[in-house]
Amino acid sequence: VQSYSFRDRPLDQALQAMSTIGLGYCEMWSGHVEPKDNAAKEEWRKNPPLDDLKKVRKQFKDAGVDLYAFNYSFRETYSDAEVENGFRIAKALGTRRITASANVSTAERIDRYAAKYGIYVGMHNHSRIVKNEFATPDDFEAAMKGRSKFIVVNLDIGHFVAANFDPVDYLSKNHHRIITLHLKD
């Protein structure tokens with residue numbers, strides 16, 4: 001599950017709910033650890049509390065939920081330090097995967113740090129086809145072309161269908177480049 005599905009409750013309650021219903025793997029939504037206030041959130045990205053994040057990793061372990069990936073959506077406006085800190089956060093959380101609703105143009109910068117830290121970044125798509133946002137197969141291809149093996153796909157099947165693309169065809173041709181799937185009911 002992506003913990004965004006439990007965004008109506010704090011992380012400890014979300015973990016309890018996951019445990020109660022038998023969910024064993026989680027992609028953590030950044031909103032469960034970032035401050036809510038935009039100014040505080042920006043400061044958090046610049047100076048992430050890595051020791052506190054190691055405690056979050058323990059919370060997952062204690063709940064019996066494997067923290068599979070962390071959602072950190074790199075944007076063009078992020079400084080290099082904010083981009084690198086996404087990888088430092090993932091490392092503190094004990095995961096080798098980040099999912100990102102990023103800009104296509106950020107892939108080159110992200111790739112430098114992904115390769116340095118050995119952390120995979122799955123680019124997440126949305127249904128709205130807009131320049132420099134992930135929605136189409138071509139957007140994924142543009143991000144991965146000429147990059148390391150660490151730039152991959154976080155395919156949101158619901159968004160992909162809503163954008164009029166065939167996820168079964170895309171999966172059959174690109175399964176080796178897809179690190180996570182998002183499903184919707």
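Predicted model: local features only at pLDDT ≥ 70, side-chain atom pairs only at ≥ 80, totals over all residues.
Q: Which residue forms a salt bridge with Glu141?
A: A salt bridge here needs a side-chain nitrogen of Lys or Arg within 4 Å of a carboxyl oxygen of Asp or Glu. In this pair the closest N and O atoms are 3.0 Å apart, and the partner of Glu141 is Arg177.

Q: How many residues apart are Arg177 and Glu141?
A: Helices (DSSP runs of H or I, at least four residues) and strands (runs of E, at least two) are numbered from the N terminus. Glu141 sits in helix H6, while Arg177 is in the loop between helix H8 (167–174) and S6. The pair links distant parts of the chain, with a separation of 36 residues.

Q: What parts of the chain does the pair of Arg75 and Glu133 tie together?
A: These two form a salt bridge, with their closest N and O atoms 2.8 Å apart. Arg75 lies in the loop between S2 and H4 and Glu133 in the loop between strand S4 (120–124) and H6, so the pair ties together parts whose separation in sequence is 58 residues.

Q: Where do Lys55 and Asp52 both lie?
A: Their side chains meet in a salt bridge of 4.0 Å, N to O. Lys55 is exposed at 55%, and Asp52 is partly exposed at 43%. They're three residues apart, about one turn of the helix, and both lie in H3 (residues 50–63).

Q: How are the rings of Tyr4 and Trp29 arranged?
A: Rings of Phe, Tyr and Trp (its six-membered ring) pair if their centres lie within 6.5 Å; planes under 30 degrees apart are stacked, over 60 edge-to-face, the rest tilted. There are 12 such aromatic pairs. With centres 5.3 Å apart and planes at 80°, Tyr4 and Trp29 are edge-to-face.

Q: Which element holds Trp29, the partner of Tyr4?
A: Tyr4 is in the segment before helix H1 (11–21). Its partner is 25 residues away, in strand S1.

Q: What kind of aromatic pair do Phe70 and Tyr72 form?
A: Phe70 is buried at 0%, and Tyr72 is buried at 1%. Their rings are 6.1 Å apart, centre to centre, with 35° between the planes, and that makes the pair tilted.

Q: How many of the residues of H4 are buried?
A: Buried residues in H4 include Glu82, Val83, Phe87 and Leu93. The helix is mostly covered, and out of its 14 residues the buried count is 10.

Q: Is Lys145 buried or exposed?
A: Lys145 lies in the loop between helix H6 (137–144) and strand S5 (151–156). Its relative accessibility is 61%, so Lys145 counts as exposed.

How values were computed
Residues numbered from 1 in each chain as written. Heavy atoms only, no water. Buried < 20%, exposed > 50% of the residue type's maximum accessible area, 1.4 Å probe, protein only.
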